[in-house]
Amino acid sequence: MKKFFCVVFSVLLIALSAMPAFAVESKNYDHLRGTEINVYNWGEYISDGSDGALDVNAQFEKETGIKVNYNTFDSNENMYNKLKGGGANYDIVIPSDYMIARLIEEGLVQKIDFSNIPNYANIMDKYKNLYFDPNNEYSVPYNVGMVGIIYNTKIVEGNPDSWDLMWNEKYSGQIMNFNNPRDAFAVAQFKLGISINTTDANQWERAYEELKKQKPLVQSYVMDEVFNKMESGEAAIVSYYAGDFLTMHDNNPDLAFYYPKEGMNIFVDSVCIPTSSQNKEAAELYINFLAREDIALANAEYLCYASPNKKVLENEDYSLRDEEILYPANQDELITEYFHNLDPDTQFIMTSLWDNLKIDGNQITGVYIGLISFVVIVAVLVIFTTVRKKRRASYYD
Amino acid sequence: MNKKSTFYQKLCASPHILWSAIFIIVPLLMVAYYSFTDANGSFTMENIYRLTDYTDTFLRSLWYGIIATLICLVMAYPIAYFISQSKARAQTTMIMLVMIPMWMNFLIRTYAWMNILEDSGVINKMLSFLHLPNLHMINTPSAVILGMVYNFLPYMILPIYSVLTKLDRSLVEAAQDLGANKFNVFLKVIFPMSVSGIVSGITMVFVPSVSTFYISQKLGGGTFALIGDIIEMQFQVSNNFNFGAALSLVLMVLILICMAFMNKFSDTEDAGGGMVV
Amino acid sequence: MKKSAFSKIYIFLIFAFLYVPILIICVYSFNASNSTGVMTGLSVKWYAELFKDKVTLHACYNTIILAITSAVTATVLGTLAAIGIDKMKKGWRRSMLMTVTDIPMMNPEIVTGVSMMLLFVFIGAFLKINGVLGFWTLFIAHVTFSLPYVILNIMPKLKQIDPHLAEAAQDLGCTPAKAYWKVILPAIKPGIVSGFIMGFTLSLDDFIISYFVSGPKFQTLPIRIYSMTKKRVTPDMYALSTIIFVVILVMLIIINLSDLKGDSKKRKKGAE
């Protein structure tokens, strides 16, 4: 594998040196040596050298002499809070679509000089001009993926093809849903044929009713624990990302996956440069590096997510290039919808409904009885000790 | 003791007071500011009015916190006592052993508990092996309370242990000489003297377990929410700092009320203990 | 006092409760696949991966440095504070100070984290520091949330002390400072040790507050582990936990053995 990369790399280097764009790169190359860039990415979202894979950051450091301070986050929102706070300067962030829209709107990311990113040509056309960056000014796609249903073939019968499976009473107690409102509501919205970006409160209410109906069947609302629960057979049905299904399947071959016919959420994680960047040139060098064939290939192999890089798909060494789940042949026929950034009012409606869903239907009477009896016991104890103390005090007198 | 040295002793607290003023009071004021403003920074009571929707969640969190604290107390007191009765050398080792599990990452520990409690987990596999009926444990309130007890138990053991160790043995002997039986020695001498440690322990278990969030998501299956989950979501999902701040302000007031109640209770006990001394 | 069989069984049960999850962690660190839910075979490959992973090892180093420095600082500050508070008369001032001390425990971590971040950014802007978040902000935050635990551990010990003890020492010719050093400090030592251990533990394991107050150049291990939750937490983290556990255990055994050998020597050192 390593040898292969060396060959690809040297070939690419020769090829690139012929291109005029490379002149720009090499011109800037030396004065950037010894500088640093702060990269802010999702956790476990880059090929980091484990299992004999390429260590992307180390490779970048080796080639350019620019030090990479690599940091990770666990959600778009946490990343946003940190970026908005402004106490730390990042040069590269890799948020998802709707968050990019928000960052652009709030001026937290800046325009990229695409003349420094010749490898942008490698990105597939269908991942250009996306809604959050219609003129391709701010972002370079890094990874794409879609949500689907993962199920255990030992338990689920037949060939399901719809979101209805997650409401099937036969599998009560074996179903899991997302433990975050946006994704969980999306499941219900697709089932009902409502847009996941609707601003109509009634439609959110309808989706809520649907989730409420589902709740008695749900074993748990999950995020990261989905891997363990599906692999060990603790649960049988869950909606999750296609790329993650592939790694689960490695550990439990009974699992299967499908894209529901009603449609599903598609996401794109793209590389952006925050406005607070202190080393924009180096950041652009890094973005260009990530879009280079060998690097994008290493990442695609490591992450198991679909790559937006056409050079990767053309590469014969790419082990997942024929993976039907990542690159479905009928992808253009599938109904997909991106998340958009919700306005505060809709956001408010969604979270309130989500809280209601969590509160709804739970036995609270036990809690009341417990609390009241506890207070009574404590009160009795307090009275008892006070009385005893007084009695004793009088005894001492 | 002369006045001057008392003054110097009081002065000892001044770095802490200064530190608290900057790094506790100022952030607290910010929380208060957020609670009473909306996203545009203008004054509003909206966040406070909205809190009434969450009464049940608040009560549930308090209740689970109380149960977890009581269980911790019942579990911790005997072991703290036994450790304090051991040889001096063994004491340090055992206290370290109590704390070391908490040095493993919290998230990984919680994963391990999921592995243990699940329907296909370690306990149920063992039960099946012994041909016993399986137990459903995961995704129940009991599992959440178990998680709290596990994570906060050492915070109960340590303070109780430290008041019990180096306890004035002559008092115990005096009580025995005066004819008290073991039980009475414990109830009348040892227990009253350890109340201050118990109070510290209760504070360190109750307070964090009321505001905990991760345990309820992972061991409770996310089918019910504790107040910590709701607050966390305001920050991490809906970016509604204002409401999140209001929730945590109320939580703080609730906890303070509970603590004041407990301090009142323990003060009377303290005086009782003082009388014995 | 002689230990009864009951106390032995009880201690064993509590330790079993505390250590069963740790055992599970150790077992899964030897898993052949990347799952932490099913065992697919035995292998030590995650240990090999771990030692190749410079970022994780560096994060681990950062975490330990931070935990030690912040716990020491919190212990010193907290001990002084406890002594000061103990000498204060009972009244609103004292109870208010105690309440304020407890606040970092009361706030959900995310609230503390976000408000501290905003405070640091504000101070940073005021002092014109670019990219203020880094080691020092983490350090301050960790000291802040460890302080109440230290104080709560020491206060009960101070209450126990006979108030005439220090006086007696002074009558015997000690200066007030020396009286504290020789008499009071040894008496509250168990509380100080407990407080330090707790501060260290809390700092070692904190994620949320650390997340918000950390900068790009100083990442801690919990931040790294939690950020994996978008995908999966790999068993090399389990391997790391196992190694930490084994190292501490070995250290404890060594300390115990050397204690056995040089008990008197150590006691002498402790009295100094």
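These are my notebook entries on a predicted model with chains A, B and C.

**Conventions.** I number residues from 1 along each chain as its sequence is written, and chains are lettered from A and ligands numbered from 1 in the order in which they are written. As the model is predicted, local features need pLDDT of at least 70 and side-chain atom pairs count only at pLDDT 80 or more, while totals for chains, interfaces and linings use all residues.

**Entry 1, chain A overall.** I looked up the secondary structure first. Chain A has 14 helices and 12 strands; helices (H or I, at least four residues) and strands (E, at least two) are DSSP runs, numbered from the N terminus. The C-alpha atoms of chain A occupy a box of roughly 100 × 65 × 40 Å along the principal axes. I then checked burial: of the 397 residues in chain A, 46% are buried. A residue is buried if 20 or more other C-beta atoms lie within 10 Å of its own, exposed if 12 or fewer, and partly exposed in between, with C-beta atoms placed from the backbone. For contacts (C-beta atoms, placed from the backbone, within 7 Å) I used the pair definition. Among those in chain A between residues at least 6 apart in sequence, 76% join residues at least 24 apart.

**Entry 2, a sheet in chain A.** I traced an open sheet of 3 strands in chain A, with order 2-1-3 and parallel pairing. Strand 2 (67–73) and strand 3 (92–93) of chain A are at the edges with a single partner strand each, so one side of each has no neighbour in the sheet. Two strands pair if DSSP finds at least two bridges between them. Strand 1 (residues 36–42) of chain A pairs with strand 2 of chain A in the parallel sense over 7 bridges. I noted one facing pair: Trp42(A) is opposite Phe73(A), which lies in strand 2 of chain A.

Most residues other than glycine have a negative phi. I looked up two residues with positive values. Asn136(A) has phi near 50° and sits in the loop between strand 4 (109–110) and strand 5 (140–152) of chain A. Asn136(A) counts as partly exposed because it has 16 C-beta neighbours inside 10 Å. Cys304(A) has phi near 65° and sits in the loop between helix 11 (293–303) and helix 12 (310–314) of chain A. Cys304(A) is buried, because 23 other C-beta atoms lie within 10 Å.

I counted 13 helices and 0 strands in chain B. The C-alpha atoms of chain B fill a box of roughly 70 × 70 × 30 Å along the principal axes. Of its 277 residues, 52% count as buried in chain B. Among contacts in chain B between residues at least 6 apart in sequence, 73% join residues at least 24 apart.

Chain C has 12 helices and 0 strands. Its C-alpha trace spans about 70 × 60 × 30 Å along the principal axes of chain C. Of the 272 residues in chain C, 49% are buried. For contacts in chain C between residues at least 6 apart in sequence, the share joining residues at least 24 apart is 76%.

The contact between them takes 76 residues from chain C and 76 residues from chain B. On the chain C side, helix 1 (residues 5–28) of chain C gives the largest share, 12 residues. I sorted the residues on that side of chain C into 53 nonpolar, 16 polar and 7 charged. Here Ala, Val, Leu, Ile, Met, Phe, Trp, Tyr, Cys and Pro count as nonpolar, Asp, Glu, Lys and Arg as charged, and the others, Gly among them, as polar.

Met105(C) lies in helix 4 (residues 92–106) of chain C. Met105(C) counts as buried because it has 23 C-beta neighbours inside 10 Å. Leaving aside neighbours within four places in sequence, Met105(C) is in contact with Val207(B), Pro208(B) and Pro148(C). Met105(C) and Ser146(C) are 41 residues apart in sequence, with their C-alpha atoms 8.7 Å apart.

Gly195(C) belongs to helix 8 (residues 176–205) of chain C. With 32 C-beta neighbours inside 10 Å, Gly195(C) is counted as buried. Val213(C) is 18 residues from Gly195(C) along the chain, and their C-alpha atoms are separated by 23 Å.

Terms used
Two residues are in contact if their C-beta atoms, placed from the backbone, lie within 7 Å.
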